[in-house]
Structure formats: structure tokens, C-alpha cells
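Reader: Please take a close look at the aromatic side chains and at what surrounds them. I would like the criteria spelled out along the way.

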Amino acid sequence: MGADESHQRRRYRSWHQHNGWDNASTDHQDQHWHTGSRRRNHWTTSWGSSSQDGGWDERAGDVVVESPPAKARRLTLVAADAAAASAEPDLQLAPGPRAFDWAEGSMQVWESPQHGAVQYHARIVEPSAKAPGAGVPRAPLLPLAFYFTGLGESANMLESLASDMAAVAPEPFLLVSPLRPKGGWWFINSCSRLGWIRGSFQKHLVDRYVAWLESVARRPGVDPNRVGLFGFSAGAYAVAEMLAAGVGITLSGVGLGAVHGHGQWDLSDLDAAPAACVRSAPLKFETFLQRVRGHQGCRWIEATHGCTDKESKWADAQKIFEAMNGRQAQLGLPQLSVRRLEPEQQDCVPSKKRNRTHHSYFGVAFVRTDFLRALLGGEPPEPRKVEAPDKAAWSWSKNAGRWKYEHESIECARAGALTLRSRAQAASAGSRSSGEDAPSRTSDSDGESSPPIFEWDSGGSGKKRRWRRYSDEVQATLARAFSEQRGSGELQLAIDGFSYTVDFDSMCQVAKHSGYERKIRVSNE
């Protein structure tokens with residue numbers, strides 16, 4: 001027995017034309033598999049017997065690969081249900097008491113002899129205490145959302161994503177995210193620089209992930225009428241390819257964020273690229289569009305895209321939207337809802353230090369209650385509606401590999417700054433309407449003026465905050481600029497002979513002589 005088999009359990013389940021188990025090959029043999037580990041685990045499978053231990057997969061020829069018992073996520077199917085399913089293969093089974101054991105966050109492996117293996121994470125997203133869906137009970141059948149990651153996102157980002165989604169979830173739902181094929185740009189066989197142009201399209205990989213998606217969507221406990229699909233950047237490309245190939249089930253919604261294609265139509269940034277890439281880019285892009293023009297269609301497709309995005313070009317995205325809309329019209333389905341973002345509407349306002357490629361708008365695209373509700377079969381939001389995000393509620397997460405929405409902790413930490421920012425904006429608006437100069441002090445609700453107090457983090461390591469106040473002169477300069485600029489923008493400041501840039505949007509100061517960045521905060525106490 002190989003090393004992999006000593007730590008993993010494989011079970012084959014196949015349906016046959018006579019609607020029963022084929023016991024001829026197994027002859028009711030009991031297979032006993034042992035691990036060679038120190039824990040001396042002992043696994044038993046009764047093949048062909050009336051007592052089925054563990055789970056099954058509805059797709060013929062599929063292989064279910066499970067982790068060791070301590071991490072096992074198994075679906076329980078009693079013998080009576082197995083007999084019913086044998087007589088009626090299309091029967092939707094009611095979920096058992098452990099129907100969602102497979103969706104507890106651990107790594108899963110799906111494998112098919114015909115298509116290959118797919119690794120994925122799955123978990124149930126429960127609305128947080130302040131979410132619109134707080135208190136909504138878990139239904140017997142849960143809606144399912146598939147998320148395809150961007151190229152720079154970590155394989156272990158599901159916990160972070162689930163936490164973000166829990167803050168806005170309208171109800172409990174299943175969230176499943178697969179891992180990209182190793183060494184590939186999803187369905188393009190290159191992840192190098194310009195890989196989406198250099199690489200070739202791999203149709204067999206699309207077929208593999210389509211078969212995997214269909215298998216997961218038919219798991220007990222999943223509502224087959226409420227299955228959504230969304231992806232960001234390279235993940236949006238993967239979603240477009242799967243939609244073009246047809247996933248074999250009716251999707252309740254599709255979300256595309258920062259979508260790009262195979263190849264490239266806008267060649268404005270390929271001046272330094274090899275000539276072969278420049279020649280092949282538009283040809284591959286047109287072939288990609290031909291595939292998209294035959295997509296399966298969906299009742300609701302929303303696309304969010306930055307008009308200044310330097311990674312996923314707006315011109316390319318428009319071509320993709322046009323191809324999709326043509327197919328939607330042929331099928332008698334609604335046109336895409338395209339949300340065009342300006343730079344200031346992204347999760348992080350682009351600057352010299354952050355979001356330099358104008359590609360940070362995952363939260364604006366997907367971390368929204370109305371998006372999740374429509375994705376999972378509910379009422380679609382107002383078409384093309386774009387709301388400016390709360391920029392102070394986003395921060396870069398190295399573990400997740402993307403900008404993370406810090407809903408409750410950041411809300412408490414920067415409540416003073418947000419309150420003062422709104423007051424500064426209101427005061428500035430009032431001064432413009434009355435023709436007076438903008439005040440340099442903010443006002444409390446009782447009419448009394450209170451100057452904002454600015455502090456900077458003097459902690460050397462950054463792990464522990466050590467807040468210190470600025471001098472009175474610097475305080476006055478900061479307060480005046482904060483009010484005049486309505487709590488946004490940048491300020492050039494001289495402190496003790498050194499020049500600094502204070503960014504009110506990201507609440508930080510950057511030393512020009514060293515490039516070192518420190519956090520700042522503001523309150524009215």
C-alpha cells in the first residue's frame with residue numbers, strides 16, 4: 001500500500017444499468033485499511049453489504065477521497081436511502097443529521113477517473129450578530145455559492161472570506177472554493193508573467209471543474225434551485241469559461257469582479273512584451289469571446305469593474321460584457337448589470353503606496369447583502385447601483401492575500417475618525433452653501449465646538465500600538481486640513497525638519513526621507 005493510501009481513504013461508488021450495486025466484483029468482501037501512523041487508526045468499509053459506512057457520490061465513477069478520521073468529513077447514507085436512490089437515481093434525498101459534515105472548512109478532495117482531482121474548501125456561513133440575516137434559522141436545504149479565487153489569493157482564504165460574508169449575509173448558506181490547478185492560470189497552462197497570453201486554453205480542465213461543481217451541487221442538503229457562481233480577477237475568468245462550457249445545472253446567479261479573458265484586446269501596456277505575445281494576444285482573446293458567445297445563460301449576472309483597472313483592462317471587460325449580453329438576448333434573459341467603478345469607489349483609493357494597479361474592489365463587488373441575496377436566487381438589486389465603500393473599514397490581510405473587511409473591530413477603533421470625517425463633510429457643505437470659509441473646528445451635536453485630537457503610532461515593531469499626540473502647532477495644521485478637505489485626501493507636513501505625507505483616507509503618515517509608514521488616529525476627546 002502506498003504512502004498516500006496509508007493516510008487517505010478512497011471509496012468508489014458507481015450506479016449500474018440495473019439500478020443496484022454491482023456486487024459481482026466485490027462479492028461482499030470486507031476491506032480493512034490500516035494507517036501506518038502511531039495513532040493506529042483502523043478503518044473498515046463493508047463493500048456491497050447492506051450497511052454502508054461513510055458517504056457516497058451520485059456521479060458514476062467518482063472517487064471520494066477523505067482525510068484521516070480526526071479530520072474526516074463524511075456524508076452518512078442509511079441503507080433504506082441507498083435502496084430508494086438505487087430505484088430512483090434522480091431522487092433528491094433529504095439531508096440527514098450529519099448532512100453538512102463535509103462543509104466544516106477542512107480541505108476536501110474530489111476525484112474522478114475520467115476527469116481527475118479537485119481540491120476544495122467548504123463551510124457553512126452563518127450570519128453574524130449584526131448581519132441582516134441574524135437570527136434566520138438554518139433551512140433543511142441550504143443555498144450554495146461557489147467562489148473562484150484570483151491568482152494572488154491564498155489557498156487558505158476561505159475562513160477570512162466566510163467571516164467577511166457573515167457580516168452581510170442575509171441567511172445561512174454554503175460557501176465552497178476550489179484550488180487552482182497547480183502551475184496554471186485556472187484553465188490556461190501558464191501562471192508566469194503574461195501567462196494569460198502566453199498559455200494555451202485547456203478544455204479538459206474546464207470539464208474537470210464542471211464535473212466537480214455538478215457533483216457538489218447534488219450533495220444532500222444543497223438546494224439545487226439556489227446555486228450561485230462568482231469569482232474575482234483570474235477567478236472571474238474561470239467563471240466565464242465554465243459558464244461558456246455549461247455547468248449542467250441552472251444557476252441562480254453569477255458574479256464577475258475584475259474579469260479578464262484569455263489573451264488581450266487592449267495592447268496599450270504590451271509595448272515591452274515579446275512580439276509573439278503581442279501578435280497572439282488579440283487572436284486568443286477573440287477565440288475566448290467566441291466561447292463566451294455560446295454561454296448557458298443565467299437569470300441574473302452582475303459584473304463590477306474598475307474603469308481605471310491596470311490589471312484587468314476596462315476595454316477588454318466591455319468586449320466580454322458585450323459577448324455575454326448577446327447570448328442573454330438570444331436566450332430571452334436579462335442583460336448584465338454592469339457596475340462601473342471610479343477610482344474613489346474602490347475598497348482602497350489608489351495612491352503611490354497602495355492599490356497602485358487600481359485592482360482592489362473585491363469588497364465593493366461582493367461583500368454586500370444585496371449581492372448575496374441575488375446570487376442565491378433572491379431579488380436582484382437595482383441595476384448599475386454603486387455605493388461608495390467605507391474606506392476605513394478595509395485593510396490589507398497578508399494571510400488572506402487581499403483586502404479584508406474589518407467590520408466590527410475597525411468600526412470601534414476608528415469610530416472617532418469616521419464621526420469627525422462626517423462632521424467635517426457636513427460643515428464644509430454648510431460653509432459652501434452660506435458662502436463662509438470652512439471652519440477649522442468640528443461641532444458636537446449640542447452645538448459646542450471640540451477640536452479633533454490627532455495621534456501617531458510610535459511603536460517600533462508595529463505589533464503594539466503606542467499612541468502619542470502631535471505638538472500643538474501640528475495639531476492645528478492637521479485639524480484645519482482635515483476640516484477643509486472633508487476628512488479625505490493628503491496633506492504635506494513638515495515636522496522637526498522632516499517632510500511627511502499624511503493620508504486621511506488610509507489614516508497614516510509616510511516619511512519622505514525613509515518611506516516609513518505609521519498609523520494615525522483622531523478623536524474629539
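Author: Lysine 319 lies over the face of tryptophan 265, at 4.5 Å from the ring centre, where a charge sits over a ring if NZ of Lys or CZ of Arg is within 6 Å of the ring centre and within 35 degrees of the ring normal. Arginine 291 is likewise placed over the face of phenylalanine 201, with 3.7 Å to the ring centre. The model is a predicted one, in which local features need pLDDT of at least 70 and side-chain atom pairs count only at pLDDT 80 or more, while totals for chains, interfaces and linings use all residues. Residues are numbered from 1 along each chain as its sequence is written, and side-chain values use heavy atoms, with hydrogens and water left out.

Tyrosine 147 and phenylalanine 230 form a tilted pair, because their planes meet at 35°, with the ring centres 4.8 Å apart. Tyrosine 147 belongs to strand 7 (residues 142-148) and phenylalanine 230 to strand 9 (residues 222-232), so this pair ties together parts that are 83 residues apart in sequence; strands (E, at least two residues) and helices (H or I, at least four) are DSSP runs, numbered from the N terminus. Both tyrosine 147 and phenylalanine 230 are buried, a term that stands for under 20% relative accessible area, with exposed meaning over 50% and partly exposed in between (1.4 Å probe, protein chains only).

Phenylalanine 232 and tyrosine 361 make an edge-to-face pair, with 5.4 Å from centre to centre and 75° between the planes. Since phenylalanine 232 is in strand 9 and tyrosine 361 is in the loop between strand 12 (337-341) and helix 9 (362-366), the pair ties together parts that are 129 residues apart in sequence. Phenylalanine 232 counts as buried at 8% relative accessibility, and tyrosine 361 is buried too, with a relative accessible area of 0%.

There is also an aromatic cluster, formed by Tyr120, Phe146, Phe148, Trp186, Phe187, Tyr209, Trp212, Tyr237, Phe285 and Phe288.

Technical notes
Phe/Tyr/Trp six-rings, centres within 6.5 Å; stacked < 30°, edge-to-face > 60°.
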